[in-house]
Amino acid sequence: RETQSIPVGASALPPGSIEYWAGIAERNRDLIAFGRPPPGGALDRGWHYAAGVQYGLDRRTTIGASGHSLFLDARRRDYAEINLQRTVGPLLLNLSGAQEFGQGRAYRAEFIGKIGSINLHGESFFTDGPFTSGLIDANERSSHRIEFDTLTRVGRIPVPLSLGLRRSTQRDGRDVNELLGRASLILPRMSLTGFVIRRFGEGGF
């Protein structure tokens, strides 16, 4: 699974305006399929439902609430979420809190933006009690990460560069640190990418 955040900037939702949405999907099922779908077990199936609403407080601030119901890890899970989105200079900030009914809660802070030629993305989350979702692993208690990426050139050849740092705390008390560096060469008929990953843990029992 891949997730992506896109900054929308000021005036994304005009002050006093309300937007709402709703969706339903059956996991691992296409609306229109040509041929037989790939085989999957019972854990790969199930209906997902979601609905939400957003309200523009001013040109830079939006608040919202949503509800989700999905089939995950062999059981149906239901969630309620509230969020606050605020544009601050070149950064878009997002604060959210979610409750898994009958389980625990999760709190998340995220920013994304650009300063000069460097793109920035950072995220932190904490859980209170047992909480599992498509974005938070059941074994994680908290996680913090920051990523930098930019585009430079070697002559006329574009060279994207990125660096990421992540630190997570598992429910057994163990801390896991990760460092990821990546560089690419974009040539006329091919693209070459190299990366380095360093992962090490500490503590726990």
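**Exercise 1. Determine what share of the protein chain counts as buried, and describe its secondary structure.**

Solution. In this predicted model, 24% of the 205 residues of the protein chain count as buried. The secondary structure consists of eleven strands and zero helices. The accessible surface comes to about 13800 Å², and 58% of that area belongs to carbon and sulfur atoms.

**Exercise 2. State whether Glu110 is buried or exposed, and identify the side chains paired with Glu110.**

Solution. Step 1: the cut-off for a buried residue is under 20% relative accessible area. Glu110 has 11% relative accessibility and therefore counts as buried.
Step 1: a polar contact of 2.8 Å joins the side chains of Glu110 and His121. His121 lies in strand S7 and is buried, with a relative accessible area of 14%.
Step 2: Glu110 also forms a salt bridge with Arg108, with 3.1 Å between the closest N and O atoms.

**Exercise 3. Explain why the salt bridge between Glu123 and Arg108 ties together separate parts of the chain.**

Solution. Step 1: the closest N and O atoms of Glu123 and Arg108 are 2.5 Å apart.
Step 1: Glu123 belongs to strand S7 and Arg108 to strand S6, so the pair ties together parts that are 15 residues apart in sequence.
Step 2: Glu123 counts as buried at 15% relative accessibility, whereas Arg108 is partly exposed at 24%.
Step 3: a network of salt bridges links Arg108, Glu110, Glu123, Arg145 and Glu147.

Methods. Residues are numbered from 1 along each chain as its sequence is written. This is a predicted model: local features need pLDDT of at least 70, side-chain atom pairs count only at pLDDT 80 or more; totals for chains, interfaces and linings use all residues. Side-chain values use heavy atoms; hydrogens and water are left out. Helices (H or I, at least four residues) and strands (E, at least two) are DSSP runs, numbered from the N terminus. Buried means under 20% relative accessible area, exposed over 50%, partly exposed in between (1.4 Å probe, protein chains only). Accessible areas come from the Shrake-Rupley method with a 1.4 Å probe; for residues, only the protein chains shown count as cover. A polar contact is a pair of N or O atoms within 3.5 Å; within protein, one must be able to donate a hydrogen and the other to accept it, and residues adjacent in sequence count only if both atoms are side-chain atoms. A salt bridge is a side-chain nitrogen of Lys or Arg within 4 Å of a carboxyl oxygen of Asp or Glu.
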